[in-house]
Amino acid sequence: MSCFNPTPIPPEDDMTRRFLVTWLAALMLAGCGGPIISDPVGGPGGGAPPMGGDPSGDVGATPGGAQDMGLARRKIAEGIVPAPEDFVAEGLYSEHDLPLDGPPCEQTLCLRTATGIATALDTGRQEVFVQVGLSSNVNPATFRRKPLDAALVIDHSGSMHGEPIEAVKEAARRLVAKLDENDTFSLIIFDDSAQTLVTQSPVKDREALLRAIDTIYDAGGTCIECGLRMGFQQLAKAQTDAGRARRLFLFTDAMPNVGMTGEGEFMTLIRSNSSEGRDTTVFGVNIAFSQSLVTAISAVRGANSFYLSNPERTRTIFDEDFDYLVTPIAYDLKMALTPAEGFKVEAVYGLPGVAPGASQAEMNVSTVFLSRRRGAILARLSRSSDVAPAQSVMTGDLSFQATEGGTSRTTLTASYEGSEPLSGTESWYSQRSVRKTVALTNFILGARSACEQWKKGERAAARAQADRTAALLQAEADRLDDAPLRTEAELAFKLAALMVP
């Protein structure tokens, strides 16, 4: 395959552009100005181990915080260029199963590592990526969530008019359907003030609860603080019981204009209740949803968030994921990363509440939840020279507090296991999953960069970056033969098509 300098692609010809940028990505992967990717077995990196499958017996675990990237997906579907912050790394990771090979998991939370060496899309430099994978030994066949004290707090302000309020009411109905006689329930609505429709009481008359939900209509301003305070007051009526869970479910478009309106104020309120064992789940609706506010809120201990983008997403969350999303399995997961000599931690991705690109050698994940998918956190390291055979790149000291009591500590290592030196023009992956995680990370980096350029009015640069992102994602999806990754490539191409220079 020969390399050449292509002529510019007409911006209006998206089908031609898509074909050519995908072909150019293939040229890059073949060595035309880009990385050489080692084959699953053998290749220029000295031979990566077989890129293997699922660790048998493991179920998923994922950090708290955003559990999807639904807002960005919806905006693109509706022809809107998202804000850079709508691309949330931990949300994207949580939508994919990212298992790492290793010994069978024998405790509530298991941690493994895998190494990838590849080009970062934002800098064009070869970097070292270390994936920390999360899984659990909880048996899904016998798992039962704790009895739940649930407070539903529903935003019915004017901005929720139409589809958003109907989506919330349907979600509330599905939540009621997941409760049983061991649970308790309260229902609070708020606009510019709050009102309790159902006080905290055992779930007995389910039809009465559904009738109360049916009476909700949109009106007034948005005092999220009012709804939160009243909901937490309802939960506080129940005595603290280690055998029960207490959780406030907030349904909102996260656009407060009455009472507390700043992230710091909400964080204080939610943290203070978290310290008393009253946790929070945010369900977002509406195209005008404030992703940044909810990302901050859901990083609090015991908190998580989901975006209800469509009826199918709502069904999945409540029919398939509900028992897991209300089940923390570990708190205060602390990771201290020590790069090997010649390496430096440049960024960490997938930490709730931490912007992608923040450099942190010491990390803290406030909560890890049970999940149907194996989650991931990704550390990115720069290096001062070529990577040598069998070279250690990082060690990590990790500890966490299991929700059932007791502290666990472990040390993990990450290394390059190739038999030949790896230069700055080559790439290598120890496992299939880390390659996919790096591809997803490059999607976040490229999409954020393109949307930031678009926001600044740099339309040609934004389109070029979006094209590069889509092409590389498509090439990796084809190389891995990964259907979910192909879906992300489709999304990336749709984003690029919106950016007409």
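How many nonpolar, polar and charged residues does the lining of the second largest pocket have? In this predicted model, the lining divides into ten nonpolar, eight polar and eleven charged residues. The pocket itself has a volume of about 680 Å³, and 29 residues line it. Nearest its centre lie Lys-146, Ala-242, Arg-244, Tyr-331 and Thr-403. Two strands, E9 (245-252) and E12 (328-339), each contribute at least two residues to this lining.

The cysteines deserve a look of their own. Two disulfides turn up when the whole structure is searched. One of them links Cys-105 with Cys-110 at an S to S distance of 2.0 Å; this link is right-handed, with 90° about the S-S bond, and both Cys-105 and Cys-110 are buried. The other connects Cys-223 and Cys-226, again with S to S 2.0 Å, and is right-handed with 75° about the S-S bond. Here the two ends fall into separate burial classes: Cys-223 counts as buried because its relative accessibility is 1%, under the 20% cut-off, whereas Cys-226, at 24%, counts as partly exposed. Cys-451 is likewise buried, with a relative accessible area of 1%.

Methods: Residues are numbered from 1 along each chain as its sequence is written. This is a predicted model: local features need pLDDT of at least 70, side-chain atom pairs count only at pLDDT 80 or more; totals for chains, interfaces and linings use all residues. Side-chain values use heavy atoms; hydrogens and water are left out. On a 1 Å grid over the protein atoms alone, a cavity is a set of points where a 1.4 Å probe fits but cannot get out, and a pocket is an open set with protein on both sides within 12 Å along at least five of seven lines; lining residues have an atom within 4 Å of a point. Grid points are joined across faces, edges and corners, and a volume is the space filled by probe spheres set on the points. Helices (H or I, at least four residues) and strands (E, at least two) are DSSP runs, numbered from the N terminus. Ala, Val, Leu, Ile, Met, Phe, Trp, Tyr, Cys and Pro count as nonpolar, Asp, Glu, Lys and Arg as charged, and the others, Gly among them, as polar. A disulfide is a pair of cysteine sulfur atoms within 2.5 Å. Buried means under 20% relative accessible area, exposed over 50%, partly exposed in between (1.4 Å probe, protein chains only).
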